[in-house]
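Open the model in your viewer and keep the selection tool at hand. The tour goes from one selection to the next.

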Amino acid sequence: MDTVSSGVGVLDKAASVLSALEAGPATLAGLVAATGLARPTAHRLAVALEHHRLVSRDIQGRFVLGPRLSELAVAAGEDRLLAAAGPVLANLRDVSGESAQLYRRQGEMRVCVAAAERLTGLRDTVPVGVALPMAAGSGAQVLLAWEEPDRLHRGLQGARFTATTLAGVRRRGWAQSVAEREMGVASVSAPVRGPNNRVIAAVSISGPVERLTRYPGKLHAEAVLEAAGRLSEAVQRTA
């Protein structure tokens, strides 16, 4: 926790909660340990921040950074990726006929930071702000495949995909999964690259297996790669 005080105690404490969540999802006990705040204080602040969408919860009920932070970054003109994501994801949805998402890695989770939902029919809904495990799904494969070897090795522990899977992702430049994250759901993802060609996000489409088939990449890899390329260009052009 930063020991430099602004003179406004409640603001300093709220900032310490947000700083703790920058490292990834945290339970209430984790927040207490990271911030040094009393348990009732940490809980009260986290719930208040959740009310304002500065904090959210993942599928395991842990606290994570909320979608309002991304919205504020876009409004301030600081997050070019999210500023470009809306129209690119909408076009990807229209071209593929499936829901489209943009994920960023946050600690040991991946967070949906933007989405364009399929308008009708059966769909895979991933709300903005939801944190998903890095252990399954094509988005997780993409976010892990180009990591440094030691981090990649750690990420494979408990994962539903293998090192061979990730080697294939690096070779062809995109990932696919079938019933890996959730039964009946298939997906295709590709990397968004920032300065120095570093992978900073994964763009994905997802939907029911009966529509995407057991080989969703054959149907949609080209469209997902094009969307990832457009987002990469937007980030690199304004970096």
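How many bridges join β7 to strand β8 (residues 199-208)? There are 9, and the two strands run antiparallel. Strands here are DSSP runs (E, at least two residues), as helices are (H or I, at least four), numbered from the N terminus. Two strands pair if DSSP finds at least two bridges between them.

This is a predicted model, in which local features need pLDDT of at least 70 and side-chain atom pairs count only at pLDDT 80 or more, while totals for chains, interfaces and linings use all residues. Residues are numbered from 1 along each chain as its sequence is written, and side-chain values use heavy atoms, without hydrogens and water.

Select residues 185-193, which are strand β7. Now pick A186, which stands opposite G207 in β8. Between β7 and β8 the hairpin has 5 residues, and N196 takes a positive phi near 65 degrees.

Next, select strand β6 (residues 175-178), which runs antiparallel to β7 and is joined to it by 4 bridges. Q176 has V188 in β7 as its bridge partner. This hairpin has 6 residues between its strands, and A179 in the turn has a positive phi of about 55 degrees.

Finally, select helix α1 (residues 9-21) and helix α3 (residues 39-51), whose axes come within 10 Å and cross at roughly 80 degrees. Axes are lines fitted to C-alpha atoms, for helices over the stretch in contact, and angles run from 0 to 180 degrees between N-to-C directions. The two helices are therefore roughly perpendicular (65 to 115 degrees). Among the residues in contact (heavy atoms within 4.5 Å) are V10 of α1 and L45 of α3.

Key: Buried < 20%, exposed > 50% of the residue type's maximum accessible area, 1.4 Å probe, protein only. Parallel < 35°, antiparallel > 145°, perpendicular 65-115°, else oblique.
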